[in-house]
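Student: I have not seen this structure before. Please show me how to read it.

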Amino acid sequence: LSVPQINRLLAHSLYCKQISKPWLEPQSHKPTKKTQLRMPSQSLFSKTIALLFSKRSTRTRLAAETSVSLLGGNALFLGKEDIQLGVNETPRDTARVIGGMTEGIFARVGAHEEIEELARYSPVPVVNALSSLWHPTQILADLLTLHEHSHLFAKPDSQADSTLEYKNMQTTVKSRKREKVMSLPELRPLTISYIGDSANVLHDMLVTYPRLGHSLRVATPSKYRAPSEVWKRVEELGCDKGIWWGEDPKEAVKGADVVVTDTWISMGQEAEKAQRLRDFQGYQVTEALCQEGGANPDWRFLHCLPRKQDEVDDEVFYGPRSLVFPEADNRKWTTMAVFDLFFGKWDISADSSKP
Ligand code: CP
Ligand code: NVA
């Protein structure tokens, strides 16, 4: 997605959230006649979306099933034990067959090549629900969470007279039919630090945040650098200029407005657990690490979940800096917007904001 399309998708996510859950606002706890009448688009009415998951999931599956239901469609969960894929049937044949009976595929796979193959042979759109290399829908939820909490990221003094260009322009979206205009709260350029393993979530951060004007500071042990396929994409998108990468977690959190981490042992890496726990010693996100490293005193914390104590301690994870549960909730609204876009009828090209 281009930058204007990302912003438009985020604004549409906000619209999906507000129209689906008016009771989120305490003052509208009691639905009025007007709020009762507001309904999400039924763009998936009479459509079936296949959730083809070869790995476990809590958030992504919940987000998908609940948002398909809000959009009026039917979500069909196909776990690895349920279907012939991988045992008696190839991804190529599976894609053709599932695509022949459904209107969209949301797929969580092992190796990234598997989703490429599904997309090549599927007659319907395929959206990545996580692969070995990427986790694109996670980054949309992270971004929505940052925009919604933009008031927490006041301009530091050093930037008071800065001429920094705000690339995250105010984005408005006109929803189909109801012509509701939704504004995405403006977010100043942030310093976002990532400490830990170079895995799918970080890879999407690398190809997304620098394009939106944010700087990324990453610390991983040297043997856990992103693979060449990821760097190729980072360079193609011109994101390399916005990334600092080193091995020292304290250096990585310097000036951080947001600190992010992920598990050190991603799904499928269980056999490497002992080695990884040794290699990542010193990379746990803690108050002390961020203070010693010179993070912005108001730094906030993100984690895609599921979380283990190895990568972040309880003080940070459950403390006031943590945005992890609003982030998890936002998987739903961003997934709903993605499904409305890719599987429904919402037209992302009808962009009311100018790039
Ligand atoms: N963040 C995320 O993708 O969580 P699940 O693995 O539970 O879907
Ligand atoms: N990197 C993690 C993300 C889980 C949502 C994994 O792939 O298991």
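Tutor: In the protein, 76% of the contacts with a separation of 6 or more join residues 24 or more positions apart. Two residues are in contact if their C-beta atoms, placed from the backbone, lie within 7 Å. This is a predicted model, in which local features need pLDDT of at least 70 and side-chain atom pairs count only at pLDDT 80 or more, while totals for chains, interfaces and linings use all residues. Residues are numbered from 1 along each chain as its sequence is written, and chains are lettered from A and ligands numbered from 1 in the order in which they are written.

Student: How many helices and strands does the protein have?

Tutor: Helices (H or I, at least four residues) and strands (E, at least two) are DSSP runs, numbered from the N terminus. The protein has 13 helices and eleven strands.

Student: How is a pair of packed helices described?

Tutor: By the angle between their axes and the distance between the axes. Axes are lines fitted to C-alpha atoms, for helices over the stretch in contact, and angles run from 0 to 180 degrees between N-to-C directions. Here the axes of helix H6 (residues 136-148) and helix H7 (residues 200-208) cross at roughly 65° and come within 8 Å. H6 contributes Pro 136, Gln 138 and Ile 139 to the contact, and H7 contributes Val 201, Asp 204, Met 205 and Thr 208.

Student: What should I look for in the backbone?

Tutor: Most residues other than glycine have a negative phi, and most peptide bonds are trans. Leu 130 has a positive phi, near 130°, and Ser 46 has one near 65°. The peptide bond from Leu 305 to Pro 306 is cis, with omega near 0°.

Student: Is Leu 130 buried or exposed?

Tutor: A residue is buried if 20 or more other C-beta atoms lie within 10 Å of its own, exposed if 12 or fewer, and partly exposed in between, with C-beta atoms placed from the backbone. Leu 130 is buried, because 26 other C-beta atoms lie within 10 Å. Ser 46, with 9, is exposed.
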